[in-house]
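Open the structure in your viewer and get your selection tool ready. We will visit its pockets and cavities one by one.

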Amino acid sequence: MKLWGGNYSGDPDREFWEFNRSFPFDRRLLREEIAASRAYVAALGRCGALPAADVSALDRGLERVLREAGELATSAGDPEDVHSYVEERLGAIVGDLAGQAHIARSRNEQAVTALRLWIRTAIDGLRERTADLVAAIVRQGRGGLDAPMPGYTHTRAAEPITLGHFAAAHASGLARDFERLGDVRRRANVLPLGSGALAGTALALDREALARDLGFDGVSLNALDAVTDRDFAAEFVSTCALLQTHMARLAEDLIWMSAPEFGFFSLPDTYTTGSSLMPQKKNPDALELIRGKAARVDAAVVRMLALMKGVPTGYQKDLQEDKEAVFDAADTVGASLGVMAGVIGGLVVHRDAMRRAASQPEMLAASLAVALAREGLPFRKAHGLVGAMVAEAQKTKKPLREVAGTMVAKDYPALAARLDSLFDLDRAVAAKAAPGGTAPEAARVALAAALRAVGREI
Ligand code: ARG
């Protein structure tokens with residue numbers, strides 16, 4: 001069924017009709033479309049535009065459209081979009097009265113209202129899944145507060161950290177994504193209905209009540225803005241992209257840290273796959289896909305921004321292209337969050353391998369330079385002196401501890417006496433006790449903060 005055609009003499013070109021249709025993808029907005037329609041009909045009743053009997057007939061009809069949607073939506077002919085689908089089904093149930101659900105209502109406002117509702121629900125689901133993932137990371141981190149591992153910069157061993165510290169780094173970013181999703185939700189959760197096509201409505205609609213009915217926090221204050229702008233959708237996919245980027249980085253870390261050459265972690269068998277040729281292989285496909293799918297979510301951001309930049313103010317059909325970017329970003333991030341939480345939950349930590357890798361004394365060179373500076377040697381000079389110690393140790397193949405002992409014995413006897421403790425790995429990580437450091441207590445605080453940010457307690 002077409003919702004227009006009064007001044008047309010024939011049907012649209014077949015190929016164009018398929019090109020024009022959004023039902024194959026916007027059918028995912030069915031629940032939202034029907035919720036919005038029911039609320040609108042009720043609002044029409046309250047402002048006297050529809051008699052109570054019509055309101056209840058339409059409401060029952062809309063409820064039935066939703067109930068029957070499962071089978072009908074799959075077999076439905078070729079409706080233009082979800083909005084015309086609902087109108088057509090409603091017509092089959094209540095006859096011409098169906099048209100009255102649309103007094104003064106435009107598909108321009110319907111489309112954007114349904115999308116805002118959909119994004120709101122999607123955000124709630126994604127926040128739950130993000131919280132699950134953060135909780136899984138925090139659990140692993142709490143188990144490894146005293147487990148040293150190397151920290152890397154430029155993929156070169158830099159300074160020892162702990163598993164707790166490493167986990168808190170990832171949990172912190174994801175917790176911010178959780179908060180960002182909440183911010184996006186606030187701006188998305190504004191009611192456009194009552195905007196008409198672009199100019200507002202002449203009906204005495206109580207838009208505040210309509211907003212409350214649909215769980216919106218407020219009403220849009222400019223109809224032209226409300227039907228045009230998709231900034232909320234752009235923000236949503238951008239936030240999804242950051243979230244996926246954070247997961248991709250975690251995936252990347254775990255991929256090589258679980259490689260046999262590192263052996264810090266074993267990935268759960270349930271999240272790896274074998275090779276068709278090499279029987280020994282357990283490949284980190286789950287993590288590789290999480291990393292790879294970041295490309296899709298980034299593409300959604302580009303799609304949204306490119307879509308919006310060229311359209312003039314007012315609804316343009318271009319905007320129909322907003323939905324697939326939104327759906328794809330939400331689907332991809334949602335699935336990735338679930339898989340990532342499963343991987344993290346099943347990760348086996350090999351403390352011995354991490355400790356061995358973190359035990360290269362060179363990784364404490366910076367701590368030694370700081371200790372020398374605290375003895376009064378200007379830090380740049382201390383840095384140079386320790387650099388010379390490292391060179392000497394490498395040249396003579398002597399342990400750095402021994403070389404340092406010889407080189408500081410005369411000028412810095414107090415430090416020389418402390419060298420054993422300075423080169424003790426556990427003490428070295430515990431020494432970074434200021435907020436944000438690797439000390440178990442500092443990491444515990446960071447993990448707790450991430451958990452609190454996502455509203456969880458474990
Ligand atoms: N299917 C359209 C969309 O997704 C709905 C609005 C169409 N409005 C119009 N005037 N053509 O954006």
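Keep in mind that this is a predicted model. Begin with helix 15 (365-374), helix 18 (413-422) and helix 19 (425-431), each of which supplies at least two lining residues to the second largest pocket. Helix 15 gives the most, with 4 residues. Colour by class and you will find 5 nonpolar, 2 polar and 4 charged residues around a volume of about 300 Å³.

Next, the largest pocket, with a volume of about 370 Å³. Centre the view on S258, A259, P260, K282 and N283, which lie nearest the middle of this pocket among its 15 lining residues. The lining has 6 nonpolar, 6 polar and 3 charged residues.

Now go inside: the structure holds 2 cavities of 30 Å³ or more. For the largest cavity, of about 90 Å³, select I137, Q140, L163, F166, A167, H170, L250, L254, F265, I344 and L347. Helix 6 (107-143), helix 7 (163-188) and helix 10 (231-257) each give two or more residues to this lining, and helix 7 gives the most, with 4.

Last stop: select H170, L174, H246, R249 and L250, which line the second largest cavity. Helix 7 and helix 10 each give two or more residues here, and helix 10 gives the most, with 3. About 30 Å³ of space lies in this cavity, and its lining has 2 nonpolar, 2 polar and 1 charged residues.

Terms used. Residues are numbered from 1 along each chain as its sequence is written. This is a predicted model: local features need pLDDT of at least 70, side-chain atom pairs count only at pLDDT 80 or more; totals for chains, interfaces and linings use all residues. Side-chain values use heavy atoms; hydrogens and water are left out. On a 1 Å grid over the protein atoms alone, a cavity is a set of points where a 1.4 Å probe fits but cannot get out, and a pocket is an open set with protein on both sides within 12 Å along at least five of seven lines; lining residues have an atom within 4 Å of a point. Grid points are joined across faces, edges and corners, and a volume is the space filled by probe spheres set on the points. Ala, Val, Leu, Ile, Met, Phe, Trp, Tyr, Cys and Pro count as nonpolar, Asp, Glu, Lys and Arg as charged, and the others, Gly among them, as polar.
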